Amino acid sequence: MEHPTVEVTLIVTGIDLDDESTAELLGTRFPLILWEERPGLTLMTLNVSARCALQEAVITYRDLARTMPSLR
């Protein structure tokens, strides 16, 4: 049985989505994260299981931060 999912959006800093190597790395390692830039903000959105949304979001963020140490 599949569990329902929810979208979790985090505001992050320290990542340059206009940088080609960064964009390639994110697309390869984290293909399911949706990225969006707004004036002064970078948003990352992921779909996670509703049962453990916070845990999955934190795990994904930590994996991403290990890959991109400048991420905050």
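**Exercise 1.** Find the bridge partner of L34 in β3.

Solution. Look along β3 and you'll land on T45, the bridge partner of L34. A quick note before going on: this is a predicted model, where local features need pLDDT of at least 70, side-chain atom pairs count only at pLDDT 80 or more, and totals for chains, interfaces and linings use all residues. Residues are numbered from 1 along each chain as its sequence is written, and side-chain values use heavy atoms, leaving out hydrogens and water.

Next, zoom out: five bridges join β2 to β3 (residues 41–49), and the two run antiparallel. Strands here are DSSP runs of E with at least two residues, numbered from the N terminus, and two of them pair if DSSP finds at least two bridges between them.

**Exercise 2.** Is T45 buried or exposed? And which side chain does its own side chain make a polar contact with?

Solution. First, T45 has 12% relative accessibility, so it counts as buried (under 20% relative accessible area; exposed is over 50%, partly exposed in between, with a 1.4 Å probe and protein chains only). Second, its side chain makes a polar contact with that of T9, at 2.9 Å (a pair of N or O atoms within 3.5 Å; within protein, one must be able to donate a hydrogen and the other to accept it, and residues adjacent in sequence count only if both atoms are side-chain atoms).

Definitions and conventions
Helix = DSSP H or I, 4+ residues; strand = E, 2+ residues; numbered from the N terminus.
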